[in-house]
Amino acid sequence: MTNKNAELVDWALANLKQPAQYSKKYDELANLTIIMPTFKRQEYVIRLIAYLSAFKVNLIIVDGSPEGIDIKLSAALAAKPRVSYYHRVTSLPERVQFANQLVETDFVMLMADDDFYLPTGLVAAMTALADSPSAVACMGQSVGLDVDSSGRPYFFGYGGSLQSYSVQHHSPMERVRIGIRNYRSAASYAVFKASGFNSIWTGIESSSCPEHLEYEHAIRTYLEGGLV
């Protein structure tokens, strides 16, 4: 472990020792589980653990890296009731399917280890799904964050093509036609109703092509229900 990573672990441990200051404004997040599959990017995972531990969301991390996360951090996470870490050197679908067996909430989603989800957006997505009987998934908007040549951070438009994007029709095959003909990368990291998420991922097998997994996941999503 490099000194930089050791400092990051120490920072995360200090953060996790602090009593959680949950905001009642986001109590609904207790009904959401985030599954985070990761591989060889544990410094990203450490940051996200510290960030998400401030909310009542349930987090399941499935790490396929050759080596597991720092043992001190693993021990600290074991004491957190809403955060679970599993080191499983298996394929992405196998890790997602393993984590899905542990889900006990009404809503579930995947999270990339280099993303940050805003609690307001997650709550809004859950509300939209609760109000949409025919929908199985809800995807929000995205912004990018980068740094300029001087090291100053700035935001930029990202995923603007998802503005008002939806895939809805009473016919499953028509939803697939609409979704593929006007394809957007919307289903991969959407909030899902747990029953639909389980049905979608049950039959997905491993592939050496990430795009294959993405498109299969999208098709299975639109066969299952609409996306709003």
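**Figure 1. Strand β5 meets its neighbour β9.** Strand β5, made of residues 135-138, runs parallel to β9, and the two pair over two bridges. This is a predicted model, so please read every close-up here with that in mind. One of the contacts to look for is Ala 135, whose bridge partner in β9 is Gly 226.

**Figure 2. The open sheet of seven strands.** Stepping back from that pair, we find β5 and β9 at one end of the strand order β3-β2-β1-β4-β8-β5-β9. The sheet is open, and its pairing is mixed. Its edge strands are β3 (83-87) and β9 (226-227), each of which pairs on one side only.

**Figure 3. The hairpin of β6 and β7.** Here strand β6 (residues 142-147) and strand β7 (residues 153-158) pair in the antiparallel sense, with six bridges between them. Five residues separate the two strands. Have a look at Gly 151 in the turn, where phi is positive, at about 90°.

**Figure 4. A salt bridge between Asp 113 and Arg 41.** Side chains of opposite charge can pair when their charged atoms come close. In this view, the closest N and O atoms of Asp 113 and Arg 41 are 2.6 Å apart, and the two residues form a salt bridge. Asp 113 belongs to the loop between β4 (107-110) and α5 (119-130), while Arg 41 belongs to the loop between β1 (32-38) and α2 (42-52), so the pair ties together parts that are 72 residues apart in sequence. A search of the whole structure gives seven salt bridges.

**Figure 5. Helix α6 packed on helix α8.** Two packed helices are described by the angle between their axes and the distance between the axes. For helix α6 (residues 172-181) and helix α8 (residues 210-224), the angle is about 140° and the axes are 7 Å apart. The two helices are therefore oblique to each other, and the crossing of α6 and α8 is right-handed. On the α6 side you will find Pro 172, Met 173, Arg 175, Val 176, Gly 179 and Ile 180, which meet Ile 219, Tyr 222, Leu 223 and Glu 224 of α8. Sorted by class, the residues of this contact are seven nonpolar, one polar and two charged.

**Figure 6. Helix α7 packed on helix α8.** The helix α8 from the previous view also packs with α7, at an angle of about 135° and with the axes 9 Å apart. That angle makes α7 oblique to α8, and the crossing is right-handed. From α7 come Gly 196, Ser 199, Ile 200 and Trp 201, and from α8 come His 217, Arg 220, Thr 221 and Glu 224. This contact of α7 with α8 holds two nonpolar, four polar and two charged residues.

**Figure 7. Helix α4 packed on helix α7.** Our last stop shows helix α4 (residues 92-100) with helix α7 (residues 194-202), packed at an angle of about 145° with their axes 10 Å apart. The crossing of α4 and α7 is left-handed. Pro 93, Val 96, Gln 97 and Asn 100 of α4 make the contact with Phe 197, Asn 198, Trp 201 and Thr 202 of α7. By class, the contact of α4 with α7 has four nonpolar residues, four polar ones and no charged ones.

Note on methods:
Residues are numbered from 1 along each chain as its sequence is written. This is a predicted model: local features need pLDDT of at least 70, side-chain atom pairs count only at pLDDT 80 or more; totals for chains, interfaces and linings use all residues. Side-chain values use heavy atoms; hydrogens and water are left out. Axes are lines fitted to C-alpha atoms, for helices over the stretch in contact, and angles run from 0 to 180 degrees between N-to-C directions. Helices (H or I, at least four residues) and strands (E, at least two) are DSSP runs, numbered from the N terminus. Angles under 35 degrees count as roughly parallel, over 145 as roughly antiparallel, 65 to 115 as roughly perpendicular and the rest as oblique. A crossing is left-handed if the near helix is turned anticlockwise from the far one by less than a right angle, and right-handed if clockwise. Contact means heavy atoms within 4.5 Å. Ala, Val, Leu, Ile, Met, Phe, Trp, Tyr, Cys and Pro count as nonpolar, Asp, Glu, Lys and Arg as charged, and the others, Gly among them, as polar. Two strands pair if DSSP finds at least two bridges between them. A salt bridge is a side-chain nitrogen of Lys or Arg within 4 Å of a carboxyl oxygen of Asp or Glu.
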